[in-house]
Amino acid sequence: MSSSLLSHPDQELHDHLLGVQQLANYFLGSRQVNMWDSGLLKDLLTITTLAHDFGKSTTFFQRYITDPNLGTKKGGPLASHSLLSAIVGYFMAKEYLGTHPQATKLSFFIYLAIKRHHGNLRDISDEYASFSNKDRELLLKQIQAIDYSSLKIIWPQLINKLPAPLNQWPPLKRGTLEKWVNDFKGELRQVRMLWLQNTSRGTPLFGEQPDTHDIDIGDLQDYFQFLFLYSLLLDADKNQAGVKNYPRALNDALTENLVDNFKKKKKWKQVGINILREKAYQEIAGNLQLADHGKIFSITLPTGLGKTLAAYNFAFKLREKRFNESGIAPKIIYALPFLTVIDQNYQVLSDILHAEGISGHHVLTKHHHLADPEFIDGDEVNYQPNAAKLLIEGWASQIVVTTFMQLFNTLIGWRNSSLRRFHRLSQAIIIIDEIQAIPICYWNLVQKALEYLAQHMSTDIILVTATLPKIFTGTSAALELSQPKKYFTKMNRVKMEINLSRRTIEQFAHDEIKKELLANPNKSFLFIMNTISSAKELYREIEKLTNEPIGLLVSSKSRQVSHLSCSR
């Protein structure tokens, strides 16, 4: 039975609410996130998704969404819907949770998730203190303007999905909603008191001790619990409204032998450095059994020894192993610091897949701020640019090649657009290439966050580098998939001479470079300078020393996706 209530210009409200609830549960699937009780999470997610747009049932919003000038002007405060929906979700959760020991925290989480589902997160201490008399008066006006007759029509379709005792509730009435709004300032005062009491004692968010002996990891539980619920709501809401036909039936063609088969077809000769590459490749693949003992691994090899192929090969084999263990095929997320390296890495993987006849963005996409908004799935369905952008930014593909900034803004962030894909990190395989590019001031934070993913969200982490930094040490040390020393000793091709005497570029060119050019007329040389101006000056000096062709290559910060730096 339909009603006159709309959520979007082309969609009825109850269809959107039910669609978001179904899509969120599809995203959740049977994922193993032991920071949540699976049954509790599913029920709270149902409450969150079915309540998240309740505020759209006002005549204020309905006039706004049906306005012929929609999109050219804002609806105004009375047409807003998130705060009213958040309060409805809060009290529904509170009723469902009853005497649950974490009822206050979890109800507040649902309130925050709904309140911020169209915006970015703020400091949580602002949220429990920001409910004014002006907010209360606005909400009471909205409650008076709810289309209760239409709400009564769609209520049975919604209430049937809710867990007990909510599934026995009659349609919400004006008196109930007004009482909730009038009581809500007191509810937030209780949240604030709990926060202050437990913050002063140095305990976790609301005082409930986490089920872990490591308090550093336990401190993260509230943060990750909330983000997981929040991201499921965000991702389902955006995709249900913007994509319509979400690409669910994905053909899983990613076998564990993809890279092996690719190498066989290439028929690379086993001579010179290729012998070492093959040895490292086989050693890493042969250490798959280490996945029985941990979830954080490292591949430390000299530059030029084939770390990318070895990492992908191990990831495909690990994916098959985890699929056999859990019944869920992990998503592979490959993160690198620079755009130029991303394009190169993406092309390598694309070649591997094409060699097996595998194509389509449902299998592989690259995501950075310059990526084309194109998404074509395995059935040759070409999604419109807006829908394609949602799928790419939401990491809907089985393999995603992306940047450090996109990954870490998803893991430790506040922006709505990044956090919507947080749930994709659970039971994923995350390859972090060139991890030494992370500034040292973030090492402790990165370590704790990645450890939590591994321990509580069943996520595998593979660190790839030629110079593994001491981010994971001691009991937290990563499981090494190769023996670095035996490769570095055989690849010792660099002799470093350090001269700290002060010289001009002109003196350096005439004292050092001129001598090297004369002594080695058949060799090529590369000179790296730390500024564009010094590179240009050296170029002019070398022009005076040789008639051989020379080139000048300069690069700006555009090469880097976004600058990671430490600030005081």
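**Labels and their grounds**

Q: What share of the contacts in the protein with a separation of 6 or more comes from residues 24 or more positions apart?
A: Such pairs account for 79% of those contacts. The model is a predicted one.

Q: What does the overall inventory look like, in secondary structure and in extent?
A: The secondary structure comes to 22 helices and nine strands. The C-alpha atoms fill a box of roughly 95 × 55 × 50 Å along the principal axes. The protein has 568 residues, and 50% of them count as buried.

Q: Why is isoleucine 438 called buried?
A: Its relative accessibility is 3%. Buried means under 20%, so isoleucine 438 qualifies. This residue is found in the loop between strand S7 (429–433) and helix H19 (443–456).

Q: Which residues are in contact with isoleucine 438, neighbours within four places in sequence aside?
A: They are Phe404, Phe408, Trp443 and Val446. Contact here means heavy atoms within 4.5 Å. Threonine 504 is 66 residues from isoleucine 438 in sequence, and their C-alpha atoms are 33 Å apart.

Q: How do you know that the length of helix H4 agrees with its number of residues?
A: H4 covers residues 82–97, which is 16 residues.

Q: What makes H2 mostly covered, and which helices provide packing partners?
A: Ten of its 14 residues are buried. Among them are Leu40, Leu41, Ile47 and Ala51. The buried residues pack against helix H1 (13–28), H4, helix H5 (103–115), helix H8 (148–159) and helix H11 (221–242).

Q: Why is aspartate 37 said to cap the N-terminal end of H2?
A: One of its side-chain oxygens lies 3.2 Å from the backbone nitrogen of glycine 39. The cut-off for a polar contact is 3.5 Å, so this pair falls within it.

Q: What makes the seven-stranded sheet open, and which strands are its edges?
A: The order is S5-S6-S4-S7-S8-S3-S9, with parallel pairing. Strand S5 (364–367) and strand S9 (479–480) are the edge strands, because each pairs on one side only.

Q: How do you know that strands S4 and S6 pair?
A: Five bridges join S4 (residues 332–336) to S6 (residues 399–403). Pairing needs at least two bridges, so S4 and S6 pair. They run parallel, and isoleucine 332 stands opposite isoleucine 399.

Q: Which residues have the most contacts inside the largest nonpolar core?
A: They are Trp36, Tyr111, Phe224, Phe228 and Ile432, in a core of 115 residues. H4 gives this core its largest share, eleven residues. Another core, of 44 residues, lies apart from it and includes Tyr281 and Ile332.

Q: Which residues does phenylalanine 224 touch, neighbours within four places in sequence aside?
A: Its contacts are Met35, Leu411, Phe422, Ala449, Tyr452, Leu453 and Met457.

Terms used. Residues are numbered from 1 along each chain as its sequence is written. This is a predicted model: local features need pLDDT of at least 70, side-chain atom pairs count only at pLDDT 80 or more; totals for chains, interfaces and linings use all residues. Side-chain values use heavy atoms; hydrogens and water are left out. Helices (H or I, at least four residues) and strands (E, at least two) are DSSP runs, numbered from the N terminus. The expected span of a helix is 1.5 Å times one less than its number of residues. Buried means under 20% relative accessible area, exposed over 50%, partly exposed in between (1.4 Å probe, protein chains only). A polar contact is a pair of N or O atoms within 3.5 Å; within protein, one must be able to donate a hydrogen and the other to accept it, and residues adjacent in sequence count only if both atoms are side-chain atoms. A nonpolar core is a set of buried Ala, Val, Leu, Ile, Met, Phe, Trp, Tyr and Cys residues joined through side-chain atoms within 4.5 Å.
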